[in-house]
Amino acid sequence: MSGFSAEWLKLREPYDLRARNTMVLHAVFDLLGGHPSVAIVDLACGTGSTFRTLSPRIAARQSWRLVDNDLSLLARVPSSSAGIAVTPAPVDLNRDLEAAFESPADLVTTSALLDLVSSEWLDRLVVEVAARGLPVYAALSYDGRAEFSPSDPFDRRIVEAANRHQRKDKGFGPALGPTAAKASIAAFERVGYAVTHGLSDWEFGPEDREIQTEILSGWAAAARDMRDPARHEIIDWLKRRRALIAAGRSSIRVGHVDLLARPTGTR
Ligand SMILES: C[S@@+](CC[C@H](N)C(=O)[O-])C[C@H]1O[C@@H](n2cnc3c(N)ncnc32)[C@H](O)[C@@H]1O
């Protein structure tokens, strides 16, 4: 168990799909265009969100290696179908990153992972992919921005506390959290990669009650863990925000970044 429930991943997937940056996606499809067959490794695949996003739009014959350490999530990834071979791979990416690259690949993908990893692990990833000359599509890294409408005087304090909580160890050492996208772009550029990137913000409207409620609960729990602000202030904030959701008056934007990093052969 990784702490990411299948239910949570299912809830967020349509919002992730809508948020994914179109320019970055087109750059991924352009990169793969012209290949008769492609092999893709998806790191921390969960139940296969990135597979479901990309595979219907890739014309080539495809083989996917879907890597995660959570067996209950891996059990839910789609099976192979006509023209698309899917191999679930149980790998702890912190302990054994190299095992993810056991078979040859043309592209590495991941989504909602880089904000969980440490700077050291990111460097390990960059070295592994650069040594193999592999491009990387990394979607949906949280970047620390959260905007609420209508706003509440405590929004900022809560999000700041949640952002500090994001830097705690999520299984890979002290996490990059909101700094992940910036750090990843810089790390890939340092090894001579060209990086295409763009925003992929979640946008929740008043009708998106369930996901807003989940997100707020997560931020409140993180703020409680950080002991900032005071417990009664967190409770009152949560009450006010939930009342806005119930009244159909709440909208939230949550900042994310997508990137495609390609080797340029300059290093
Ligand atoms: C936020 S979820 C994203 C899942 C999927 N990429 C998506 O977009 O729906 C993070 C994923 O990282 C996986 N994960 C966390 N730590 C891991 C580790 N040490 N090795 C492999 N996977 C890990 C979790 O099991 C989970 O599936």
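Reader: Which residues does Ile58 touch, not counting residues up to four places away in sequence?

Author: In this predicted model, Ile58 touches Phe29, Leu32, Val38, Ile40 and Trp64, once residues up to four places away in sequence are set aside. Ile58 is also named, with Tyr137 and Trp219, among the residues with the most contacts inside the largest nonpolar core, which has 52 residues. To this core α8 gives the most, with seven residues.

Reader: What makes a set of residues a nonpolar core, and which residues are among those of the other core?

Author: The members must be buried residues of the nonpolar kinds, joined through side-chain atoms within 4.5 Å.

Reader: Why is the crossing of α5 and α7 described by an angle and a hand, and what are they?

Author: Helix α5 (residues 119-132) and helix α7 (residues 180-190) pack at about 35°, with their axes 10 Å apart, and α5 passes α7 in a right-handed crossing. On the side of α5, Leu122, Asp123, Val126 and Val129 take part, and they meet Ala183, Ser184, Ala187, Phe188 and Arg190 in α7. These residues divide into six nonpolar, one polar and two charged.

Reader: How do you know that the span of α6 is close to what is expected?

Author: Helix α6 (residues 155-166) has 12 residues, and the distance from its first C-alpha to its last is 16 Å, which is set against the 16 Å expected at 1.5 Å a residue. Its buried residues are Asp155, Ile158, Val159, Ala161, Ala162, Asn163 and His165, and they pack against β5 (136-149), α8 (209-226) and α9 (231-246).

Reader: Why is Ala112 called partly exposed, whereas Arg227 is called exposed?

Author: Exposed requires over 50% relative accessible area and buried under 20%, with partly exposed in between. Ala112 has 23% relative accessibility and therefore counts as partly exposed, while Arg227, at 73%, therefore counts as exposed. Ala112 has a phi near 55°, a positive value in a residue other than glycine, and is placed in the loop between β4 (107-111) and α5. Arg227, not a glycine, has a positive phi of about 55° and lies in the loop between α8 and α9.

How values were computed:
Residues are numbered from 1 along each chain as its sequence is written. This is a predicted model: local features need pLDDT of at least 70, side-chain atom pairs count only at pLDDT 80 or more; totals for chains, interfaces and linings use all residues. Side-chain values use heavy atoms; hydrogens and water are left out. Axes are lines fitted to C-alpha atoms, for helices over the stretch in contact, and angles run from 0 to 180 degrees between N-to-C directions. Helices (H or I, at least four residues) and strands (E, at least two) are DSSP runs, numbered from the N terminus. A crossing is left-handed if the near helix is turned anticlockwise from the far one by less than a right angle, and right-handed if clockwise. Contact means heavy atoms within 4.5 Å. Ala, Val, Leu, Ile, Met, Phe, Trp, Tyr, Cys and Pro count as nonpolar, Asp, Glu, Lys and Arg as charged, and the others, Gly among them, as polar. The expected span of a helix is 1.5 Å times one less than its number of residues. Buried means under 20% relative accessible area, exposed over 50%, partly exposed in between (1.4 Å probe, protein chains only).
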